[in-house]
Amino acid sequence: MTDATGTPPRAESIFRQNLRNFAFNRLAVASTVVVLIFIVMAIFAPLIAPHDPNETDLFRRLQPPAWQAGGEWSYLLGCDGLGRDILSRIIFGTRISIFIGAAVILVATTIGILAGLASGYLRGWVDVVISRLVDILLGFPYLIFAIGLMAMMGPGLVNIILALAYKEWVIPCRVVRGETLVTRELEYVEAARALGASKSHIMLKEILPNIMSPVIVVASIRMAHVIILEASLSFLGLGVQPPTASWGSMVADGRAFILDAWWVSTFPGLAILLLVLAINVASQGLRDAFDPRFHE
Amino acid sequence: MSALLSVKGLRTVFETRAGIVRAVDGVDIEVERGECLGVVGESGSGKSVTFSSVMGLVKSPGRIDGGELLFDGRDLRSLSPQELRNLRGKDIAMTMQDALTALNPALTVGEQIAEVLEIHDASLPASRRERRRAIRERSVEILNLVGIPAAETRLGQYPHEFSGGMRQRIMIAIALSCSPKLLIADEPTTALDVTIQAQVLELITELRAKLNMSVVLITHDLGVVAEHCDRVIVMYAGQVVEEGPTREVIEKPQHPYTKGLLASIPRMSLRGQPIRPIEGQVPDLINMPAECRFYSRCGVRKAVCKSLISMRRVGVGHRARCVRLEEASS
Amino acid sequence: MSLGKLIERLLQLVPVLLGVSVIAFLMMALTPGDPVQIIIGDQQITAEQEAALRHDLGLDRSIPERFAIFLGNAVTGDFGESFYHRRPVSEVIAERLPATIELSLVALLIALATSIPLGVLAAIRKNSIFDRIATVGSLLGVSLPGFWFGILLLMLFAVNLHILPVAGRIGYSSEIEPITHFLLIDTLLRGRPDAFLDALSHILLPALTLGLPMTAILMRVTRTSMLEVLRQDYVTFAEAKGLSRRRVLFRHALKNALIPTVSVAAIETGSLLGGNMIVETVFGWPGLGRLVVESIFLRNYPLVQAAVLFYAVTYVLLNFFADILYTVLNPRVKL
């Protein structure tokens, strides 16, 4: 990221350059728009959803989607086993997925950055302890760890976020640590040291701004994983509890009806697929745009 | 006697997003039997691409756009892929710049020599065991030829277990295993340090005499050419700008680029004087204006140079692509 | 690689394994809910009996003590008794393990068999229609939630087309005496091709679902790696030698290109462990994963604890194996 003389580039100009690269990638931009649409859906859910997601109506039990016989256009995607409107539940479910996804990534990235900086810059016993911790946490398959924690803490929104964040932070931590190890050897860091800058100043003001790119890229890639994980946990019944609508639990609800009401499981899952796909394509575009190889 | 290799009007292009790169634009080269031809030029001059084209190794997005390639009387461009493959490694062989990357790190040296013998050597016995033994013997022979000690044991080793100079020798050994008529050595010395360079070049010259082989030495180092080559060709921006007997071209260079090259070599006799590089940069190979390609960097250019220049005769076998021949001071 | 180095690396695992055990233990030890109460249920017992039970289970000791006991027992394979099954936990787990292993292995096989040819072809025909479809496919593969995909497959093949079964591992009519406990092998060993086909039809959908993300990842890795390899000088040199395209591909390119694929496969196999729980739940597969999920809801903590430990240890060992594998395959990388 720095040129041959070791002077840091104006972080802004490289960043803008990257953004421009990104903007050229039409597919990535389109996916970002899709993600934004989901975010808007999440924020304005009460205004957008045609019905109350928790309103049960036993007369509408398992009502088919609008284009099939027996469906109604006001209940576009049909109703579930308790007569609740699937479309509205999906829209409200967006809140859960986006909120949990963003929260986990934010918490994990913050912790990861701090731990990674400390580990990579301060070295010594701090590094040893943190690296050991990372190794141990990495020794758990993701879902097992999350399930174990959920079993321990019980279900609930905050608990899910914590459970996922507990494992997730190791990933940005590793990235930051690696980048810090490289960056700390560069001349401008040495210069700052010579000027008497404090350790925290160096870590936060000198090193951190220059390693943000890979951190952002990794965070965007992981977001997709986290959303699927949350959905998986909800599917197993370990996520947000009813009656809150979560896409994962909606799919689980629909399992009982795969013989006669295919829409109950299908549409929520489709929502997950669309959001995750959009995030994956967009983050791939981010990765390509921020790739240092473009800066020859 | 017809030339062993005759390249006429070769044009090779690369189709990139930015445009069509004319890497080789109308190149004529002849390699006589038994001679050593030096091909000099900087990166981007097209010297390597020319000979990749001869061997049919140019891959998409590159392709040969025109010209004639005659080897030993055969039209290379009309050959089928299989026929071309029969030629490669057997009649025409090539070595590359960095032996570390040219040799497969996952295969032993013995295996890499063996596979060439396997497909090209018709004199091998048919039965499997005899065949393997014969290949082994021949491999040891070849390694001895290029001066690798303890060849027998070294056959089972991997490329990274050898030093740089030895790897280059192994690569040469592989190239020469079937006694080709023509060896194309692409930058054989660039990745080596000076003492090893000399050894490798000696080796090539020695083997050339022994096997009565023609050699093309592609390099950017005029010193190498001066010592080992009969004739030299200077390339610039996809074209040949000067060619002739080595001694003559070096003592009486005609093209301003050649002169510039020679003048920029640091020499003991010129100690104390500043080094004189050639000013400017290689032109854009995509949008080539119809003029002398050296125009932007030439110190003696005139108005007439703003048109397409062709090769002109300077002396016996000596030609240069310049209109300022007679007047140019050496 | 020398035995000494190998042992050295193994020893480096010990602190990690220890740490993992601590976490596994703490997870269950700190869970709210009194195990004693769960066991007692509705029975009426005296305070002394309750205290005795508590003492038997070692629950009256301090946490560090309990951890030491836990570890000591774990090493001998004793994980206590399952609240629900009233049998030793190790026994229960051992019963269900083969089903999970069989499923994981088949998923791995399918993933490898599909992703490698697809990846190689995509690289050779770079930017062709085939390549683009493969790229889209792999993107979909990592974006599809496994549980949903499994349900879709069920809806399509089991419910609508009636080709494949809905749940379970094998039909009643095809039950046989187990030998290895791997049904696919046992049915053949017992000379029952009809049972073999039955077992195959049962394992197909779950294995596909489980292996999908892995297939997607491996395909991309193979493609990238192959493209990288094809650009290498030694491939050009091999062609310059006059070798046939097929030979260049298989002997020179593939050998090097597959190294990353195998490494990633070894690492990703660990993630199959997690995915197991989902897939087994969706398809009613009688394996360890489903057992764990059920046990959580039943508050069967000894079992969950043992399973978590088991998974974690397996995962650590798998990653270790992947490391070793990589150094073995890559002659240039020395330990």
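Colleague: In what order do the elements of chain C run from the N terminus on?
Modeller: This is a predicted model. The secondary structure of chain C amounts to 13 helices and 0 strands. Read from the N terminus, the elements of chain C therefore run α-α-α-α-α-α-α-α-α-α-α-α-α.

Colleague: What box do the C-alpha atoms of chain C fill, and what percentage of its residues count as buried?
Modeller: Along the principal axes, the C-alpha atoms of chain C fill a box of roughly 90 × 55 × 40 Å. Among contacts in chain C with a separation of 6 or more, residues 24 or more positions apart account for 72%. Chain C has 335 residues, and the share that counts as buried is 43%.

Colleague: Is Leu218(C) buried or exposed?
Modeller: Leu218(C) sits in helix H9 (residues 193-230) of chain C. Leaving out residues up to four places away in sequence, Leu218(C) touches Ala111(C), Leu112(C), Ser115(C), Gly119(C), Thr261(C), Val264(C) and Ala265(C). A residue needs 20 or more other C-beta atoms within 10 Å to be called buried. Leu218(C) has 27 such neighbours inside 10 Å, so it counts as buried.

Colleague: Is Ile179(C) buried or exposed?
Modeller: Ile179(C) belongs to the loop between helix H7 (146-160) and helix H8 (183-189) of chain C. Not counting residues up to four places away in sequence, Ile179(C) touches Asp186(C) and Leu189(C). Ile179(C) has 11, so it is exposed.

Colleague: What separates the C-alpha atoms of Ile179(C) and Arg190(C)?
Modeller: Along the chain, Ile179(C) and Arg190(C) are 11 residues apart.

Colleague: Which residues make the contact of H5(C) with H6(C), and how do they divide by class?
Modeller: H5(C) passes H6(C) in a left-handed crossing. From H5(C) the contact takes Leu118(C), Leu121(C) and Ala122(C), and from H6(C) it takes Phe130(C), Asp131(C) and Ala134(C). By class, these are 5 nonpolar, no polar and 1 charged.

Colleague: Which strands of the sheet in chain B stand at the edges?
Modeller: The sheet is open, with 4 strands in the order S2-S1-S4-S5 (chain B) and antiparallel pairing. Each edge strand has a single partner strand, so one side of it is left without a neighbour in the sheet. The strands in that position are S2 (19-31) and S5 (74-75) of chain B.

Colleague: What is the bridge partner of Phe14(B) in S2(B)?
Modeller: Strand S1 (residues 5-16) of chain B pairs with S2(B) in the antiparallel sense over 10 bridges. In S2(B), the partner of Phe14(B) is Val21(B).

Colleague: How do the residues on the side of chain A that touches chain C divide by class?
Modeller: The contact takes 34 residues from chain A and 36 residues from chain C. On the chain A side, the elements giving two or more residues are helix H5 (124-138), helix H6 (142-153), helix H10 (199-236) and helix H12 (263-289) of chain A. The residues on that side divide into 24 nonpolar, 7 polar and 3 charged.

Note on methods. Residues numbered from 1 in each chain as written. Chains lettered and ligands numbered in written order. Predicted model: local features only at pLDDT ≥ 70, side-chain atom pairs only at ≥ 80, totals over all residues. Contact = placed C-beta atoms within 7 Å. Nonpolar A, V, L, I, M, F, W, Y, C, P; charged D, E, K, R; others polar. Buried ≥ 20, exposed ≤ 12 C-beta atoms within 10 Å, placed from the backbone. Pairing = 2+ DSSP bridges. Left-handed = near helix turned anticlockwise from the far one by under 90°.
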